[in-house]
Structures are given as structure tokens and as C-alpha cells.
Amino acid sequence: MARPASERLTAPRVLSHLAVMGLVSVVLGVIVAGLAIPFAGVASLGAKTVAQSIDELPEELEARPLAQRSTLLDADGNVLATLYDENRVTVALDQISPRMIEAIVAIEDYRFFQHGALDLKGTVRALVTNQASNSVVQGGSTLTQQMVKLTLITQAETDEERKAATDETYARKLRELRYAIAIEEKYSKEWILERYLNIAYFGDGAYGVQAAARHFFNKNAKQLNLREAAMLAGLVQSPSAYDPTRNPERARERRNVVLDRMAQLNVIEREQADKAKSRRLGLDVQQTRNGCVNSRAPFFCDYVVRYLMEDPALGETRAERKELLYTGGLTVRTTLDVNFQDAADEAVSRHVYPTDQAIGALAMVEPGSGHVKAVAQSRPMGTDRAAGQTFLNYVVDKKYGDANGFQAGSTFKAFVLAAAINQGIPLNTKINSPQSISIREREFTVCDDQPYASSQVWSPKNSTGSGTFDLYRGTTQSVNTFFAQLTQRTGICEPFELAQAMGITLDNPASQMVPSFALGVTDVSPLQMAAAYATFAARGKHCETRPVTAIEDLSGNTLKTYADQCRQVLPSAVADAVNDVLKGVTAPGGFAGRIAPSVPSAGKTGTTNSGMAVWFVGYTPQIAAASMIAGANEQGHWLTLVRQTVGGIYRASASGSGFAGPIWGDAMRAITPYLDPVPFETPARGEIAGFLTPVPSTHGMSIERAQQVLEDAGFTTSVGNAVHSPAPKDTVARTNPTGGTMFGAGDLIVIHPSLGPEPKKKKKKKQQDDDDDDDDDDGRSPGRGRDR
């Protein structure tokens, strides 16, 4: 029977076959260091030239650790988010199914355990087969060569290196061979096979066999059965062409080719192959979501990433930190409590809708640790602006978010209240507070008792009536004229510095240390306000907020722990008195009495001028939360909440208790089952100044002696980090709070040991060369004190 025209040996094809025979002779004759040169380009090269080229190549390939995905865990160890450039989880060879190993070896390099870096027999076979069919039917590269190529591609850092790793040139093939020799000499076959299975791309975003097994079959690589292993082994030749999620029929055909090959090589019985071929692919596709947008708590996740990106311990540059975070296979243990997060999300979304001309936000912080337990906002994370989605984080500090903050209104009155009590002003002090009052601003003092440098007249007014009030009623009823006069007595400096110590960012005294400070004209984030009020809940101990407790490497070793950073910034007796006052806000009959949880709580409302933002900051001894609603359009430009429809309700006016308070109340009631009904400490009634004790000076004492002196005075102590100071090494450099300040019995005093005087730094050469409320109005214009 005549052959088809396509199979007839025409004159050109006869000459081609003869050339192949000659080429095979060359290949067999060119053996350098125990390997044969691949067929590409060899016909035009002499053995001497090839040998010289090989000698000039590097002798060893550095096999760097493979990029792996990092995982963020919540406080209970549940996966919160994954971050990666390549979705990969490296596993040891003994954690991979034997069927997977058999399948990949059978289809990619069946003589892998018999040959060296180059399979001469396989190369010649592929050369002849491919030449005879005028196409690439068989590959000639060994698993080692393939692993080398994938390593070079993965480790390429520049476009030039990536091009060199993929170019179809003789130089690339020669370089891969030389590296393959070095790999075979340095590592075992098992190591090479393990790295290959971890570095190979299996398609649909899955790098490495473990990620592929989880993605396509929802199981670990060790659990893969015959048909699953065969399908995955078939993917590596062309992950896109055989992608089972897009081309299931082609994927099945390719899987069956692998099964037939395994039977042909007697790796499995023919009956096993036929049975597996008759079955479906058996996919159970699982999407491994990358980044914060797919997280259960997207803006908390965003906060964690930005927090870590600012940590120099994770790399000298931001680029290095990002590379470690997205390729280092880290386990990041966070402080998030999913029960609190769910409660926060539900409360915010119930009261402010994504497309409203307003932003609702809530942050939760644990007193005594600074652990951030929840971060929620009304606008979801995403790119669909018509649906109200955004990537702007409005809840956290500007350093880790996207907003300058929002004027906090009368929530700042708590700082003036605390300063007044700390200065010995009795809680029963009464101040006549008319409906409105005019005070020359120079009658207020700033630091060093200097008068405020202004001749203007400030005229605050009340929205809650007038009369004579003590510190209890003046605070719970949020009387503006009362606090204007109280600030005259305390001065602005101490409330300002106290707010700073409690976590409020105040870096511009010229515009922030103003007579109206108590009325919250400073921009601040909900997270900062939650942290500040957590200080009251922790009886005057302020802890820096943090969303991370520890970071672990691939092996589970701890890379870094994030310890509590706490210090006593307010005497416990003073904090107890503040708590007792603010309990009146959430008590029956108080502004927030109807929204309070069933456990002991306290709080303060806040409303800014013109209703631009409303607040409620409340707390129990176990959790502090700040809720806020601010008027803002889709571009983030601020506007009033008055006469707006927010959360489906038309608002003719805006108040902290009636608008932001319900968000706080709903969230707190939802988490009440997770809170113990712990009461606040009862303060001494009336004048508490006599209950404070000066902190003894211990500078220069031994650590042991200082501890004894401080504890004899009624304080508790801990030893903090050592610092340079004039004091002799290993003696007390300083304490925090410092000696002479007034604090209550039992308050924490941190002792800082001395490292001795700081060594003189050598000047750099260039330098050397150079040397040769709630229902109230703050009475100010909306723009004053705001960074727009």
C-alpha cells in the first residue's frame, strides 16, 4: 500500500536523515567531563571549541530557597489571609505521594535514577524522533536539566537575566548542562527530585506539587492517588494547554498518556492504568486567595501588612521587607479576634451603607496589652467604586492608613478631666457654666505657664443647657463652657501631653495646643482613640497598639516577637476617678444608657462643628472601642452629616450618642458573651490628691536596691531596656515615671538600667569636610485645626 505523501521520503528528508546520522556521531564523540553536548548547534562546532566553552562557564549554581507564600493567622491560629508572589508551599520528598514521584519520573525522565546530568541515550532518541517527525515529539532534557532551567528562571532578578534563562540559544543549553553537572555532583537524586517537584509550575497559579494538590484536589501532596498524580505529572509539560479548569478534555487525554507510560514501563499494571483512565478527573478546585482583599478582615490585614512594612527588623529597605513578606513563607501571628471582628463588621454595616456619603468606622483595642482586636469600616475593600468599594483605610493611624483622621469632638474632654484630677482639683469642684461664654485666649496657659499667644476672644456655647456643674455632671452632660473654664485652671499643656502619652498623635503644638483643645479640634483616627481610652480602662497604663504578636519562619522558628510596650502614664487613682465619671455616660439616664452592654462600661460622646463627624468612645475593663461616622463623598472629601440619609435613615441633625453610639452599642452587646463582668475599681470619693505618692528618685542605685526602694514606697516594678546615661553601668539610668512625679500605690514603675555613657560617634567623611459633642458644637470654624 502506498504511503501518504506526508510520510514519503523525499530527497530533502533523505538528506535530513543523513545529517542526523552524522550529527549523532558528533554527539557521541563530544564527551566532556562525562556528558554529551545537546544537539542544538553542535553540527557547526568542533569538540575542541565545545570543550573550551564549557571550561569558561561557572561551575556551580546557587540553589536559593524557593519563594513561598506567607500566612497571616488570627489570635486563635485560623488563617486570616495569604500573601505571595508565587503560590507555593515547599514539602519534603517523604511528604509527597509515591504515586506522584513515579508519575513524574515516568513521563519526564524515566531513566532519571540511571543516568548523570545528561541522558545521552534519551537525548539521541529524542533527536532522531523529533527530526524524523519534523516536530518536537520528545524532550531530551533530564529532570536535572529542567530543574536547573526552572531555578535560573525563578532566581532571575532582571529582565536581562530572565531573557538569558529562556532564550533558545546554544549558550543557554550549554550553561544549563554545566550547572546540571555541578548539581548532580553536589546533591543526591532525591534532593534534585524534591526541588523539581517544589519548583515546577502546575498551572492556574499553583507552584509546586503541594500547592497544586491543594488547589486541584483539596488534599495534601502525600494523599494523591494514581489518577490525581498522573494528571498533575502531565501538567508540567504545558500547564496552560492542559489546565483542567479550562481544558478538562485535554487534561484527561494528557493524564491518560501518563498512565499508559507508567504501564509501559511496568510501574503499574495495565489493569490499573485502564481503570484509572476510565475515571473522571475528580477535581475539587480550591482557590488560594492572595492578598488582603480576599481576607475575612481586609482592612485589619492591610494594617498588618503596612505595620510590618515599617519594621526595620524585617529588612533594611521596604523592598527587602516586601520580598520577605511575600516570598519568605512566613507565619504571621496577629491579634485579631474573629468574634470581635464579626461584631464590628456587622455593627458598622448595619448603620452606614457602602454608598452613603459617609464613612462608618470602628476599632477595638485590648487594655493592658495594646492588642488590636478588630478594625472595621463601612466601605468594603475593592475596585468597584459604584458599589462603594475602596482601598483607603480610614480606621487606623495615618502612618499605616490613608486618612489624616477626623476631628474627635468632645471625646477630648476626657484628657482635660484626667489632667484636672491629676492636679488635685476635687471631683466635687463646681463651676458656673452659662449657655455661652467669651474668654480672651491669652487667659489660657500653655507649657511653662506661658500665656497662649493670641489676643482673640473665644466664645464657646452649650448645646446641653447651663447651670453650675461639678466634674461628674459637667463631663457626663458634655458642657462646653464648663470645660472651657476647667481648661483655664489646668492649662492646655498637661492635657495635651497626657493625650500624647496615651497614644494620640500631636506633632504640631502651634495648631493643636489651643484653648479649644478639649472640644476635639485635632484630627485623630478611631484606632488612636480606642487606644487612648484603653489607657483609662487599664488604670492609667498605656500600651502601644500592635496587630502582630510573632513572626515564624518556614521551620516554625520564631523570627521576632512583638512584646507588649506598656508604661504607666497616669496614676491608677486618677484613672479610677476618670472611669467613675465616665460610667455616668453609659449608666441609665446617661447619653448612652440605652445602648450600653450588660457588663460594666464607661464612655464619652463627641460631635464636631457643623456635624462633620460624630463619635462614641467606650470601654469596659477588658476592651475599648471607638466608633465614628464622618461625612465624606466617594472621593473622600469631607462634608456635613446633617440632612443626609445614612444607613437608610434621614438625619436632620447629628450627635455622638444618637448616631455613632449605636454602632458601639451593637458591637459591644454582640461581644458581651466573651467578656467577664469585671467592675471598675472604685476611686476615693471627693478630693483624691492626698492619695498620691511621689516616686522615689533611684538614679545611680543598683537595680536590686532601686526595686526595694520603689516597692517599699508601694509601687510595683519591672526592668525595661538598658539605655546610655551618665550613671555607672548596670545601675539605674532612669525610671518611667521619673522620680518626684505623683502616682498611686501599686502603679508600675519601669526601671531602665544604664549602659554607661554613650560612646562618641565618628563623623562621616562628608560631615568632616562640611565642618572644615455629644450634642455640642465647638464654636470654631470647621476648617480650623484640620489638615485638608
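Begin by selecting Asn218, which is found in the loop between helix 9 (209-217) and helix 10; helices here are DSSP runs of H or I with at least four residues, strands are E runs of at least two, and both are numbered from the N terminus. The model is a predicted one, in which local features need pLDDT of at least 70 and side-chain atom pairs count only at pLDDT 80 or more, while totals for chains, interfaces and linings use all residues. Residues are numbered from 1 along each chain as its sequence is written, and side-chain values use heavy atoms, with hydrogens and water left out.

Asn218 has a positive phi of about 55° although it is not a glycine. Most residues other than glycine have a negative phi, and most peptide bonds are trans. With 33% relative accessibility, Asn218 counts as partly exposed, where buried means under 20% relative accessible area, exposed means over 50% and partly exposed is in between, for a 1.4 Å probe and protein chains only.

Select Arg539 next, in the loop between helix 21 and strand 16. Its phi is near 60°, a positive value in a residue other than glycine, and Arg539 is partly exposed, with a relative accessible area of 33%.

Then go to Asn736 and Pro737, which are joined by a cis peptide bond with omega of about 5°. Pro737 has its place in the loop between strand 27 (732-736) and strand 28 (742-744).

**Two helices**

Select residues 248-264, which form helix 11; its 17 residues should span 24 Å at 1.5 Å a residue, and its end C-alpha atoms are 24 Å apart, in agreement. The expected span is 1.5 Å times one less than the number of residues. Which residues of helix 11 are buried? They are Ala251, Arg254, Arg255, Asn256, Val258, Leu259, Met262 and Ala263. An α-helix has 3.6 residues a turn, so residues three or four places apart point the same way. The cover over the buried residues of helix 11 includes helix 3 (98-108), helix 10 (226-235) and helix 12 (270-277), with contact meaning heavy atoms within 4.5 Å. Just after helix 11, Asn266 takes a positive phi of about 65°.

For another helix, select residues 143-155, helix 5, whose 13 residues should span 18 Å at 1.5 Å a residue, and whose end C-alpha atoms are 18 Å apart, which agrees. The buried residues of helix 5 are Leu143, Thr144, Gln145, Gln146, Met147, Val148, Thr151, Leu152 and Gln155.

**Strands and their partners**

Now select strand 7 (residues 331-334), which runs parallel to strand 3 (residues 70-73) and is joined to it by three bridges; two strands pair if DSSP finds at least two bridges between them. Leu72 has Val332 of strand 7 as its bridge partner. Strand 7 is also joined by four bridges to strand 17 (residues 548-552), and these two run antiparallel. The bridge partner of Arg333 is Ala550 in strand 17.

Move on to strand 8 (residues 358-365), where eight of eight residues are buried. In a regular strand the side chains alternate between the two faces of the sheet. Both faces of strand 8 are covered, with Ala358, Gly360, Leu362 and Met364 buried on one side and Ile359, Ala361, Ala363 and Val365 buried on the other. Strand 8 pairs in the antiparallel sense with strand 22 (residues 624-631) over eight bridges, and Val365 stands opposite Ala624 in strand 22. Strand 8 also pairs in the antiparallel sense with strand 9 (residues 372-377), over five bridges, and Ala363 has Val375 of strand 9 as its bridge partner. The hairpin of strand 8 and strand 9 has six residues between the strands, and in this hairpin Gly368 takes a positive phi near 85°.

**The largest cavity**

Which residues line the largest cavity? Select Val365, Glu366, Pro367, Gly368, Ser369, Gly370, Ala531, Ala534, Thr535, Lys541, His542 and Cys543. The elements that give two or more residues to this lining are helix 21 (526-537) and strand 16 (541-543). About 40 Å³ of space lies in the cavity.

**A last stop**

Finish at Glu704 in helix 24 (residues 703-712), which counts as exposed at 58% relative accessibility. Glu704 and Val732 are 28 residues apart in sequence and 9.6 Å apart in space, C-alpha to C-alpha.

How values were computed. On a 1 Å grid over the protein atoms alone, a cavity is a set of points where a 1.4 Å probe fits but cannot get out, and a pocket is an open set with protein on both sides within 12 Å along at least five of seven lines; lining residues have an atom within 4 Å of a point. Grid points are joined across faces, edges and corners, and a volume is the space filled by probe spheres set on the points.
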